[in-house]
Amino acid sequence: MRILGISGSLRRDSHNTALLRAVAELLPPGDELVLWDGLRDVPPYDQDLDDAPAPQAVQALRAAVTAADLVLFSTPEYNSSIPGTLKNALDWASRPHASHVFRNKPVAVIGASAGTFGAVWAQAELRKVLAAMGARVAEVEVAVGHAAEKFDDEGRLVDEDVRAQLADALAVLAAATPQGRAAASLLPAVA
Amino acid sequence: MSTTTETVALPTGTYNADTVHSSVGFEVAYASAGIFSGSVNTFQAQLADGVLSGSAEIASLVTKDENLQAHLLSPEFFDAEQYPEVGFVATQGRRDGDRAQFDGEITIKGVTRPATLTGTIAGPVADAWGNERWILTLETTIDRTEFGITWNAPLPDGSKALADEVTLKANLALVKAA
């Protein structure tokens with residue numbers, strides 16, 4: 001399984017980027033997580049540009065999504081919602097509507113915040129946006145609250161409960177990809 | 001005062017829908033503001049000795065707002081990738097004059113539920129090419145949530161944007177098979 005990891009935070013020491021790195025460390029041999037680092041380079045979405053060649057950063061994002069079996073987002077929460085930069089990138093990625101790269105793409109959302117609730121509202125908003133785009137949103141949620149206490153100074157996850165939640169989420173996600181669904185379809189049907 | 005009921009049998013033989021002159025679609029109340037409708041472009045229907053059946057490719061669904069296409073075909077609505085077809089199979093058909101009724105089962109998003117289609121029947125008419133035609137105009141109302149299509153969004157007053165009740169409509173021009 002090839003996972004594209006997209007962190008909604010641009011901050012150098014982002015807890016959400018660190019959370020995706022922690023996921024990468026849990027992957028079995030053969031699976032990989034590639035972190036997308038182009039969020040900063042995506043220009044403001046402008047519908048007037050739909051017919052022009054997309055900006056390079058947008059083309060790179062679309063190619064990265066296409067190459068991935070699953071896209072895993074980790075989002076912080078800004079003003080009870082998702083960061084504008086992340087929404088902007090998704091607005092770009094979801095064009096043209098008839099054939100964009102997120103249609104039927106397995107996706108999942110996790111998140112971390114410095115406060116108590118682990119970005120649960122931003123996660124819900126992001127799932128709503130992804131579903132409206134036509135993505136296949138997996139039913140996983142990992143909400144890492146008080147994130148500053150869950151990572152060390154090097155950005156390494158030091159909380160075993162969170163690590164166990166991530167491992168559980170990965171098990172669900174393995175079944176959410178086309179390969180996983182194909183394997184599940186070989187099981188006897190349940191009436 | 002007396003009433004007279006004219007009961008006539010459904011036509012025997014096999015009739016296939018002329019899909020150019022037929023349509024299959026849905027209507028649902030949206031945001032208390034009006035009706036949102038859509039139709040499928042790729043479908044087939046058949047009336048064979050009074051038994052009506054039909055299916056449609058849900059990926060051929062069209063609405064007036066193409067921006068909604070991706071969402072409608074996604075898992076929150078029809079999940080076209082997993083469930084590419086919707087269908088109806090009648091177990092019993094009846095005709096009463098120009099009224100027609102078909103009891104059967106409808107399948108949407110992999111869920112099969114009983115449904116009764118009611119409407120009108122007209123025919124036989126001979127078309128310009130000498131073929132025998134019947135015109136069936138049918139509809140039924142379903143609760144989309146029973147088929148796992150549960151998406152909704154709250155409006156500012158707290159009510160739901162999209163009704164659960166959906167009317168399915170089929171206008172079928174059925175041509176006798178050669």
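The structure is a predicted model. In chain A, strand S4 (residues 106-112) is largely enclosed by the rest of the structure, because 7 of its 7 residues are buried. Chain B comprises 1 helix and 11 strands.

**Strand S4 of chain A: burial**

- A residue counts as buried if 20 or more other C-beta atoms lie within 10 Å of its own. By this criterion, 7 of the 7 residues of S4(A) are buried, so the strand is largely enclosed by the rest of the structure.

**Strand S4 of chain A: pairing**

- Strand S3 (residues 70-75) of chain A pairs with S4(A) in the parallel sense, and 5 bridges link the two. Within this pairing, A:Ala108 of S4(A) is the bridge partner of A:Leu72.
- Between S3(A) and S4(A), the chain passes through helix H3 (residues 84-93) of chain A. This β-α-β crossover is right-handed.
- Strand S5 (residues 136-137) of chain A also pairs with S4(A) in the parallel sense, over 2 bridges. Here A:Val137 in S5(A) is the bridge partner of A:Val107.
- Strand S6 (residues 143-144) of chain A pairs with S4(A) in the parallel sense, again over 2 bridges. In this case A:Val144 in S6(A) is the bridge partner of A:Ala112.

**The contact between chains A and B**

- Chain A contributes 10 residues to the contact, and chain B contributes 10 residues.
- On the side of chain A that touches chain B, helix H4 (residues 120-133) of chain A supplies the largest share, 3 residues.
- The residues on that side of chain A comprise 5 nonpolar, 3 polar and 2 charged.

**The build of chain B**

- Read from the N terminus, the elements of chain B follow the order β-β-β-β-β-β-α-β-β-β-β-β.
- Along the principal axes, the C-alpha atoms of chain B fill a box of roughly 55 × 45 × 30 Å.
- Chain B has 178 residues, of which 25% count as buried.
- When contacts in chain B between residues at least 6 apart in sequence are considered, 54% join residues at least 24 apart.

Conventions
Residues are numbered from 1 along each chain as its sequence is written. Chains are lettered from A and ligands numbered from 1 in the order in which they are written. This is a predicted model: local features need pLDDT of at least 70, side-chain atom pairs count only at pLDDT 80 or more; totals for chains, interfaces and linings use all residues. Helices (H or I, at least four residues) and strands (E, at least two) are DSSP runs, numbered from the N terminus. A residue is buried if 20 or more other C-beta atoms lie within 10 Å of its own, exposed if 12 or fewer, and partly exposed in between; C-beta atoms are placed from the backbone. Two residues are in contact if their C-beta atoms, placed from the backbone, lie within 7 Å. Ala, Val, Leu, Ile, Met, Phe, Trp, Tyr, Cys and Pro count as nonpolar, Asp, Glu, Lys and Arg as charged, and the others, Gly among them, as polar. Two strands pair if DSSP finds at least two bridges between them. A crossover is right-handed if, with the strands pointing away from the viewer, the path from the first strand over the helix to the second runs clockwise.
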